[in-house]
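Work through the exercises below with the coordinates open. Try each task before reading its solution.

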Amino acid sequence: MIDVHALSKSYGKLKAVDQVSFSLGSQQVTGLLGPNGAGKTTLMRLLTGYLYPDSGTVRICGLDIGTHSTQARAQIGYVPENAPLYPELTPYELLEFVSVARGHSAGDKGSGRKLPGRHVFREQLELVIERVGISEVRQRVIGTLSRGFKQRVAVAAALIGTPKVLVLDEPTSALDPNQTHEMRELIRELGQEATVIVSSHVLSEIEAVCRDAVILHHGRVVGRGDIDTLRHDLASGMGELIRVEFDPPHNDDIVVALDSTPGIAGVVPEHSARALLVRLQPEAEGPQVLFDFASAQGLKLKRLEPTAGGLEEVFRVLTTEDRQP
Amino acid sequence: MTRLLALTKKELRIHFSSPPVFLAIGFFLSAAALWFFFIYGFLARDTASLRGYFAAVPILMVLVIPALTMKGWAEEYRLGTSELLLTLPLRSWELVLGKYLGTMTVVLVMVLLTVPVAFLLMPLGEFDLGQITAEYIGTVLLSGTAVALGLFVSVWCTNQSTAFTGAAGLLLVLTLIGRLDSVLSLPAPFLAVFRYVSLDTHFDGFVRGVLDVRALWYYVWLTALCLYVTSLVLEARRRA
């Protein structure tokens, strides 16, 4: 459904996207991860045809976005970062415009996608409005809406015409927890119908909705594939991963001291910041090294348990070392 | 065609939700009337002609058209809505033409609002309807070219004030360049080129009631050229 081959894009001397290649099949949700400045937004702009690459190709449903730009773009629904919208229009006016621009209008013979009548056209708009939950604000001017509603209007615009590829840049960034839950459900649902790429800084978000991930660092792909496989590949050849919680809780000095302790391969504070994820070196003898460390530092071990590690650790390892997949 | 109409409708909706557009229209109508009745002194003259009214149009357009075109592309890039617009399955020429037609519709509304002035003055004398028609045709052609130039400037900018200043500067130069001979003594070939390039020079004929095909052709090709180059710039920005 999406084929990216040797894609590169530079801004002056800065290589924003550097020789990126990957393929995504139909009906899957893929997370696009990377630290700030990794090239995620540039890559999304290249995938949607907003920018043209310096070299390389993007094929959407077999259509080269360089040579068949308009036809390829007709297959894509895109929610840009921060969901930019026309503040003067109402959601309904915007969706109506996007719908016609995508060739869906009552009795439009030129579009090649003739619909039976105006009521069907309106019915399709209503379905999208209903699906993203913006019925109550459909006739309000977008400039007066909350960020959450604006985000949902942008998603609705991307869904118009049931595109085969959906590119969503931070789709839940402005939503409250209930809306986030609903949006995740919607993304999972959409993954049954289309190829969905979701970019997010919130790793738990990616883990919640995506089965696969593409990890970017300095414009290059440093990891891609099934998230579980990424975790497994990272762990193979490495020592055990242990979640540790000290009493009193750790501080920066303890993290630095632990990181430089023989037998420890790396230390990553967990997202909650209460526990530490400690990767032992393969030759280290179990958790004894941690008992010794706690004893030497005068700390109590409040919690100590082996763990498989999360996407956060995969992300941090891949984007802090010069690794290739 | 349906897509073009949708783009035009969207532009119109945005224009008529924007206070600066109403201010620009109000400024044009009141400045033209002030000039005509109080400075030009129409009522004190014993002439049944709107020539004085339309003579002010080129210089007024220098300020009014940039106020209408400054949002054009600059605001799309500033707000980020360019990402929404340029990823829709629309061709560059459709985007450029849709924006142009939207702004031109506003200009036509503004020009139509001057018609009551002409109607109110009709009972005062024997006006030449042919001349008035030519003056209106000239006004539409001149403003059409000015809108294309304003949007051409806007596509290079990412904020409205730069787009306004750039367009006003360009229109001012293109309006006054034909009158350089009154302040500078330049070689005749230069003056001929400047007169040909000037927006104002070609408008003179229409004000006098002359429908000059060369002037008409000048406005049409310059408009088409600006729209074409704007679509090229739009494509070039995708490569930037």
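**Exercise 1. The interface**

How many residues of chain A are in contact with how many residues of chain B?

*Solution.* Conventions come first. This is a predicted model, in which local features need pLDDT of at least 70 and side-chain atom pairs count only at pLDDT 80 or more, while totals for chains, interfaces and linings use all residues. Residues are numbered from 1 along each chain as its sequence is written, and chains are lettered from A and ligands numbered from 1 in the order in which they are written.

Step 1. Apply the contact criterion: C-beta atoms, placed from the backbone, lie within 7 Å. On that basis, 27 residues of chain A touch 22 residues of chain B.

Step 2. Assign the elements. Helices (H or I, at least four residues) and strands (E, at least two) are DSSP runs, numbered from the N terminus. Helix H2 (69-73), strand S6 (76-79) and helix H3 (91-101) of chain A each give two or more residues to the side that touches chain B. H3(A) gives the most, with five residues.

Step 3. Sort by class. Ala, Val, Leu, Ile, Met, Phe, Trp, Tyr, Cys and Pro count as nonpolar; Asp, Glu, Lys and Arg are charged; the others, Gly among them, are polar. The chain A side divides into 16 nonpolar, six polar and five charged residues.

**Exercise 2. The sheet of chain A**

In what order do the six strands of the open sheet run?

*Solution.* Step 1. Two strands pair if DSSP finds at least two bridges between them. The order is S6-S7-S8-S3-S9-S10 (chain A), with mixed pairing.

Step 1. Find the edges. S6 and strand S10 (220-226) of chain A each pair on one side only. From one strand to the next, the twist averages 15°.

Step 2. Look at strand S3 (residues 29-33) of chain A. Four bridges join S3(A) to strand S9 (residues 212-217) of chain A, and the two run parallel. S3(A) also pairs with S8(A) in the parallel sense, over four bridges. Thr30(A) stands opposite Ile197(A) in S8(A) and opposite Asp212(A) in S9(A). Leu33(A) has Ile215(A) as its bridge partner in S9(A).

Step 3. Check burial. A residue is buried if 20 or more other C-beta atoms lie within 10 Å of its own, exposed if 12 or fewer, and partly exposed in between, with C-beta atoms placed from the backbone. Five of the five residues of S3(A) are buried. Val29(A), Gly31(A) and Leu33(A) point one way; Thr30(A) and Leu32(A) point the other way.

Step 4. Helix H6 (residues 177-190) of chain A lies across S3, S7 and strand S8 (195-199) of chain A, at about 145° to S8(A). Axes are lines fitted to C-alpha atoms, for helices over the stretch in contact, and angles run from 0 to 180 degrees between N-to-C directions.

**Exercise 3. Helix H5 of chain B**

Which residues of H5(B) are buried?

*Solution.* Step 1. Six of the eight residues of helix H5 (residues 72-79) of chain B qualify. They are Gly72(B), Trp73(B), Ala74(B), Glu75(B), Glu76(B) and Tyr77(B).

Step 1. Identify the cover. It includes helix H4 (57-69), helix H7 (92-112) and helix H9 (129-154) of chain B.

Step 2. Take the H9(B) packing. The axes of H5(B) and H9(B) come within 6 Å and cross at roughly 25°. The two helices are therefore roughly parallel to each other, a label for angles under 35 degrees. Gly72(B), Trp73(B) and Ala74(B) meet Gly150(B), Leu151(B) and Ser154(B) in H9(B). That contact has three nonpolar, three polar and no charged residues.

Step 3. Inspect the end. Gly80(B) follows H5(B), and its phi is positive, near 90°.

Notes. Contact = placed C-beta atoms within 7 Å. Parallel < 35°, antiparallel > 145°, perpendicular 65-115°, else oblique.
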